[in-house]
Amino acid sequence: MGGLQDWFRANSSNVLAGIVSSLIVLLLQTVSRTMSLVLAAIFVFKWRLRAIWRFRDPKRIYIVSGAVTGVSEQVKAVVLAGPDAEAASALIATVGLLYPEADVRHVYSSTFPRDLWKEHLVVIGGPLNNACSAVLLGHVKDTLHFDGFDLHCGQSMWSAEYDSAERALQDTGAVVRIPNPFDKSKDVMMVLGCDTFGVLAASLVISSRPDAKDARRGLGKRLGWRRYFGMPAFAAIVHCDVLGNDIGAVTLTHSLRIRPTQPIVKVKDASAAK
């Protein structure tokens, strides 16, 4: 027994160093494995989300919000509803994640020059308050269009639902991805809604936020493997409950591939496309 104690006293520093070294190795292995799993998850998530967007080699991307100008000549401010502003924020972050090499600019349709409509576009808001979406929707009108606040897609029609005090209870939105009709080498992603909450719901489906992950996953499955190899044009209809000034769960109700119904046009002819 005394010999063991003497040996331990003589080698205690080596034993302690061995224990510390083992703990460090285990810690490094744990951190390395965790980081590998996290990076793999981020890569797979980004890869799947980018397969839905499929923007082709974007150098510049314009995010075009709808705008309601001031009610008087003295008021020139651009007004965005809260959910529309949140939709813009979510998509700005998403585009930055998916295309870090691109120059991303947020603009408003009321001041967005038409000679830039031929760029890659992310268009937020329906045709009543977004002149850009009003023109672009004309190219898919046989598949999807708005009649006032009512959304028509295929043989179906959706509207927002309100209570007796005209507070929104439920809303419907749409995601539309098409080649840019003003330059077929560029792409357009639109998020639309019967009301502003539908716009937010549509944006979350194609965003990097954890919200609407089930609807996002469902959209990816419905697009199938072709989304990794082609440049799909599609429309997806989503539904959400409204909770005050926020939304609840987002569900994917319909999706279909679409084909633009009007020929490629020059930017200078955009006004004629209305």
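Mentor: Two strands count as paired if DSSP finds at least two bridges between them. The model is a predicted one, and the part to look at is strand E12, residues 234–243.

Take the neighbours in turn. On one side of the account is strand E10 (residues 168–179), which runs antiparallel to E12 and is joined to E12 by eight bridges. One of the contacts in that pairing sets arginine 177 against phenylalanine 234 of E12. The other partner is strand E13, residues 246–257, also antiparallel to E12, with nine bridges. Here alanine 235 lies opposite leucine 256 of E13. E12 and E13 form a hairpin with two residues between the strands, and in that hairpin glycine 244 has a positive phi near 70°.

Now burial. Seven of the ten residues of E12 are buried, so the strand is largely enclosed by the rest of the structure. Cysteine 240 is buried because its relative accessible area is 1%, and the cut-off for buried is under 20%.

A disulfide is a covalent bond between the sulfur atoms of two cysteines. For cysteine 240, the closest cysteine sulfur belongs to cysteine 194 and is 9.7 Å away, so the pair is too far apart for a bond. The cut-off for a disulfide is 2.5 Å between the sulfur atoms, and by that rule the count comes to zero disulfides. Elsewhere, cysteine 132 also counts as buried, because its relative accessibility is 1%.

Conventions
Residues are numbered from 1 along each chain as its sequence is written. This is a predicted model: local features need pLDDT of at least 70, side-chain atom pairs count only at pLDDT 80 or more; totals for chains, interfaces and linings use all residues. Side-chain values use heavy atoms; hydrogens and water are left out. Buried means under 20% relative accessible area, exposed over 50%, partly exposed in between (1.4 Å probe, protein chains only). Helices (H or I, at least four residues) and strands (E, at least two) are DSSP runs, numbered from the N terminus.
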